[in-house]
Amino acid sequence: MVASSLLLRAAAFRPATTATSRCLSHRSATRLFGSLPRSPAAVIFDMDGTLVDHSIDFASLRSRIWEVVDDDEVGRTFGERECVLEVAGKLSPEGQARCKLIFDDIEKKAVDEMSLAAGGPELIRYLSERKIQRAVLTRNLERNVGIMAGLYSDAVCDAGGLSGDGDVFHHVVARDTPSDPSDPASEPVRSKPSPDGILHLCRLWGVGPSEVIFVGDNANDDIVAANAAGCGGSVLVTPGGVERDTHSGYALGESEEDVRLRTPSLRVESLGELMERMMAEAEEDPSEGDGDGGEEETRRAGEGTMVYDGGGFSVVVPSIGVKGV
Ligand SMILES: [Mg+2]
């Protein structure tokens, strides 16, 4: 078992100089981080740009929010640019109201134009057949996730339906989801790139993050959250091989650790390709590994280290404790 604890550093998410995303190469990431767990307990999906096609103009969103910030009596005192969602909540009441109108306008457009990502319904059906749990972790609102889930439900039904393991998505964590499920008035779960949403879902399921695959389209939010939480797989979806501008406005660190945190364990161009990779992993002969604990069998995630000890991977899970994998 691993003796070190998984300490999560909020500072790792913010310090920095540039808004340009820089990741290790795919080849290097695959070699260093492995690919996917062979038998995952759950898959957590980002929503916008992952489960549904990208339709939010983030450059416009940042520009409109920062215009309000610069015009606001409180916002004018701010220094470094921050995540637009977070900075909006720190403005004067008038500034917050103006930002809400902007978010409402952009999110309504996204809902009106919502279309399911290629291969999404088939992937959900495949996960259902393997009894793999499913959840959505998004910075969108619960009501919009509900609309998306309804579209998925219809499409999965058309594709042959689920295998009797519950709903299309078993849990949803949105930016208005309370952190205490028994207390609707509790503070919302902290948004990505914080790992809190992933760890919240792991606690609901009673599984360790190393048993979870996280899938998103944004390295700075999704992959950082997944790697900081210690997910067994962090998958970046880049349709056409192009990483889109989905940056929410905060500065990015450029240290080796910062770059490692936003480097995915796997890149795919679609959810259909992810399904093919999961099928290949599930069929791979587990006896093929040499079990020497070498680089191929050592996965590092967040502040913790998962080390192959000859019988499997082990990781310390925050609030859960040591978990054999
Ligand atoms: Mg997204």
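## A cis bond in a loop

Proline 193 sits in the loop that links strand 3 to helix 7 (196–205). Helices here are DSSP runs of H or I with at least four residues, strands are runs of E with at least two, and both are numbered from the N terminus. A cis peptide bond connects lysine 192 to proline 193, with omega about 15°.

This is a predicted model: local features need pLDDT of at least 70, side-chain atom pairs count only at pLDDT 80 or more, and totals for chains, interfaces and linings use all residues. Residues are numbered from 1 along each chain as its sequence is written.

The model has an open sheet of 6 strands with parallel pairing, in the order 3-2-1-4-5-6. Two strands pair if DSSP finds at least two bridges between them. Strand 3 and strand 6 (266–268) form the edges, each pairing on one side only. Neighbouring strands of this sheet are turned by 20° against each other on average, direction ignored. Axes are lines fitted to C-alpha atoms, for helices over the stretch in contact, and angles run from 0 to 180 degrees between N-to-C directions.

How many residues of strand 2 (residues 133–137) are buried? The count is 5 of 5, so the strand is mostly covered. Buried means that 20 or more other C-beta atoms lie within 10 Å of a residue's own; exposed means 12 or fewer, and partly exposed is in between, with C-beta atoms placed from the backbone. Gln133, Ala135 and Leu137 point one way from strand 2. Arg134 and Val136 point the other way.

Strand 1 (residues 42–45) runs parallel to strand 2 and is joined to strand 2 by 4 bridges. Alanine 42 stands opposite glutamine 133, and phenylalanine 45 stands opposite valine 136. Strand 3 (residues 171–173) also pairs with strand 2 in the parallel sense, over 3 bridges. There, leucine 137 faces valine 173. From strand 2 the chain passes through helix 6 (residues 142–158) to strand 3, in a right-handed β-α-β crossover. Right-handed means that, with the strands pointing away from the viewer, the path from the first strand over the helix to the second runs clockwise.

## Helix 6

Helix 6 has 17 residues, which at 1.5 Å a residue should span 24 Å. Its end C-alpha atoms are 24 Å apart, which agrees. The expected span is 1.5 Å times one less than the number of residues. Val145, Met148, Tyr152 and Val156 are its buried residues. Seen down the axis, they fall within an arc of 75°, so they line one face of helix 6. The arc is that of the directions from the helix axis to the C-beta atoms. An α-helix has 3.6 residues a turn, so residues three or four places apart point the same way.

The buried residues of helix 6 pack against helix 5, strand 2 and strand 3. Contact means C-beta atoms, placed from the backbone, within 7 Å. On the other side, Arg143, Gly146, Gly150 and Asp158 are exposed. Just after helix 6, glycine 160 has a positive phi of about 125°.

## Tyrosine 152

Tyrosine 152 belongs to helix 6. Why is tyrosine 152 classed as buried? It has 22 other C-beta atoms within 10 Å. Leaving out residues up to four places away in sequence, tyrosine 152 touches Leu116, Gly120, Pro121, Ile124 and Val168. Tyrosine 152 and alanine 117 are 35 residues apart in sequence and 9.9 Å apart in space, C-alpha to C-alpha.

## Helix 4

The 20 residues of helix 4 (residues 93–112) should span 28 Å at 1.5 Å a residue. The end C-alpha atoms of helix 4 are 28 Å apart, which agrees. Gly95, Cys99 and Ala110 are the buried residues of helix 4. They cover an arc of only 40° around the axis, which puts them on the same side of helix 4.

These buried residues pack against helix 2 (58–71) and helix 3 (84–88). The face turned away carries exposed residues, including Pro93, Lys100, Asp104 and Asp112.

## Lysine 131

Lysine 131 lies in the loop between helix 5 (120–129) and strand 2. Is lysine 131 buried or exposed? Lysine 131 is exposed, with 11 other C-beta atoms within 10 Å. Its phi is near 55°, a positive value in a residue other than glycine. Most residues other than glycine have a negative phi, and most peptide bonds are trans.

Conventions. Contact = placed C-beta atoms within 7 Å.
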